[in-house]
Amino acid sequence: MKKQVSLLVMKRLLIALITLVIVSFAVFSATALLPGDTATILLGQSATPEAVEGLRQAMHLNDPAIIRFLRWIAGLFQGDFGKSYANNVPVASLISGRFVNTMKLAGLTASIAVPFALTLGITSAMWRGTMYDRIVTIATIGIISVPEFMTATLAVLLFAVYLKWLPALSLTNEIKSFHDLLRIYAMPVMTLTFGVSAQMIRMTRAAVVETLNTPYVEMALLKGASPPRLVLRHALPNALGPIVNAVALSLSYLLGGVIIVETIFNYPGVAKLMVDAVSTRDLPLIQTCAMIFCLGYLALITAADIVAVLSNPRLR
Amino acid sequence: MTDSTSTGRPSMRLGYRFNLVGMIALGIILFWAGVAIFAPQIIPHSIGEIVDSDYFGPMSRDLWFGSDYLGRDIFSRILMGARYTLGISLAAVTIACFSGVALGMTAAVAGGWLDGMLSRFLDALNSIPSKLFGLVVVAAVGSSIPALIGTLSVIYTPGAYRFARALAVNVNTMDFIVVARIRGERLPYIIASEILPNILGPVLADLGLRFVFIVLLLSGLSFLGLGVQPPYADWGALVRENIAGLPFGAPAVIFPSLAIASLTISVNLLIDNLPRRIRDRSAE
């Protein structure tokens, strides 16, 4: 029976790998095959045709797309991400520092959002139908239906403009003490936490409610188990798989949120770098940032799937 | 009391009963739709005209929502912005759901390698985060309005496909489909006359949800300066234009955001409060 699980997990990993190839092809073709000749863009409107042709040769732009795609993939595997068009610096050196910053932001958000959301999600499922549950449900629908930049602007308005507790911008190189660190990270992390938690609360609540509706929970109720015991001993162990699945899926929402949050708070992370690269049409930089984000996203949803497989005792 | 006994069928066409929240949500959606259609007739000031000597002016009797960063009337600009936000999103969601549902039903009925290929490919596209997808495509094709509609519809086609396929697979196993096949009906007939009417309700509810996602993504892109470009402005672009007014708590930043929120929350609430009959033939 164990063999069956490892087979399923292997299958999921294989699917993830195939997906990654398709995704990288999509990213490459979106940036490289569509209109806008790179050499002309780089040299500007006034460049002579000879100069443009020379640059095309030097950058191998005349090769067929499939060759360029394979060369790009081979480069990625060797850690060669190409050079930024905008300032001719290797992409790797542009990204490395900022990647750490983004991971800090994401890690901090996750460490706050996960316990917070699980508590709210499980308790609202326990007391479903009560006022508490309805308030939580309405609040989460509200937050999910609102764009991230609105949560962010409202947070700035409340905490920086009216209450004057926090600075409106985050600049990580000005950190001198733990207090500064708190002040700077507070608002970006808060905004992200809101969005991620809302998703996670909804999914956790749904998973727990589903378990609470099963016959064996009803049986436990009938034999006289107390409500906490009912939830903690009988429902939660069975809801664990779906909950971890929900956590991984909601964390992937971080990737979208981080793009807006880094821009609005001027936070020096990969997402801000990518948005700037899009405005300057810096293709190698866009491609690499996009691949980083897709890889992270794919890792999270694959992890969610694998957890779902592992937590199902019928497959073990 | 009396009418429940007098008619055998409690609901006729469009006779669905909405609860209060659903009614309010529907009212707000219809309000915005009306605004989008009649915007040029009802705006109090021309959207390009500078009507206030001060920028980021406060709310007043003449300028209901204050003035923007150039002293233009933000109320008029929001009314006109409704056209772009609603128009682009509606066009994109229509294309996305039409192609997604058509492909999904075809894949479910045809099965075999076509189903496998389509599902594998579209699932892969689905695993690119939507905002990121938007950024990459905008970088490549620019952000003219037709390009935006195209981009948004491509991003949301895989989701619509997945949803419709899951529903259609269920319907496809029903006896009446088998009967239709034995009768010798061809694929287009089975899809259009046997499958589609049976999945229409949930598909329309899904269309509403996808509309919300598209409004949010479009606003997000515009907010980043990569969506609708000046001189046009949708609600996201209005927030971006006036973000400098945030330190003063200018109404010019707040009201466009509220407009987006009122629309998206209303659509979500309407779908949540739809009669079960429409909503609950879900994919499970």
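A residue counts as buried if 20 or more other C-beta atoms lie within 10 Å of its own, as exposed if 12 or fewer do, and as partly exposed in between, with C-beta atoms placed from the backbone. This is a predicted model: local features need pLDDT of at least 70, side-chain atom pairs count only at pLDDT 80 or more, and totals for chains, interfaces and linings use all residues. Residues are numbered from 1 along each chain as its sequence is written, while chains are lettered from A and ligands numbered from 1 in the order in which they are written.

**Helix 5 of chain B**

Start with helix 5 of chain B. Helices (H or I, at least four residues) and strands (E, at least two) are DSSP runs, numbered from the N terminus. In helix 5 of chain B, 10 of the 12 residues are buried, so the rest of the structure largely encloses this helix. Among the buried ones are Lys131(B), Phe133(B) and Gly134(B). The expected span is 1.5 Å times one less than the number of residues. For helix 5 of chain B that gives 16 Å, and its end C-alpha atoms are 16 Å apart, which agrees. Just after this helix, Gly142(B) takes a positive phi of about 80 degrees.

Chain A has 12 helices and zero strands. Buried residues make up 37% of its 316 residues. Two residues are in contact if their C-beta atoms, placed from the backbone, lie within 7 Å. Of the contacts in chain A with a separation of 6 or more, 72% join residues 24 or more positions apart.

The contact between the chains takes 40 residues from chain A and 35 residues from chain B.

| Helix of chain A | Residues |
|---|---|
| Helix 1 | 2-32 |
| Helix 6 | 131-144 |
| Helix 7 | 148-162 |
| Helix 10 | 227-264 |
| Helix 11 | 270-280 |
| Helix 12 | 283-310 |

That side of chain A divides into 29 nonpolar residues, nine polar and two charged. Here Ala, Val, Leu, Ile, Met, Phe, Trp, Tyr, Cys and Pro count as nonpolar, Asp, Glu, Lys and Arg as charged, and the others, Gly among them, as polar.

**One residue up close**

Ile306(A) is found in helix 12 of chain A. Ile306(A) is partly exposed, because 19 other C-beta atoms lie within 10 Å. Leaving aside neighbours within four places in sequence, Ile306(A) is in contact with Val9(A) and Arg12(A).
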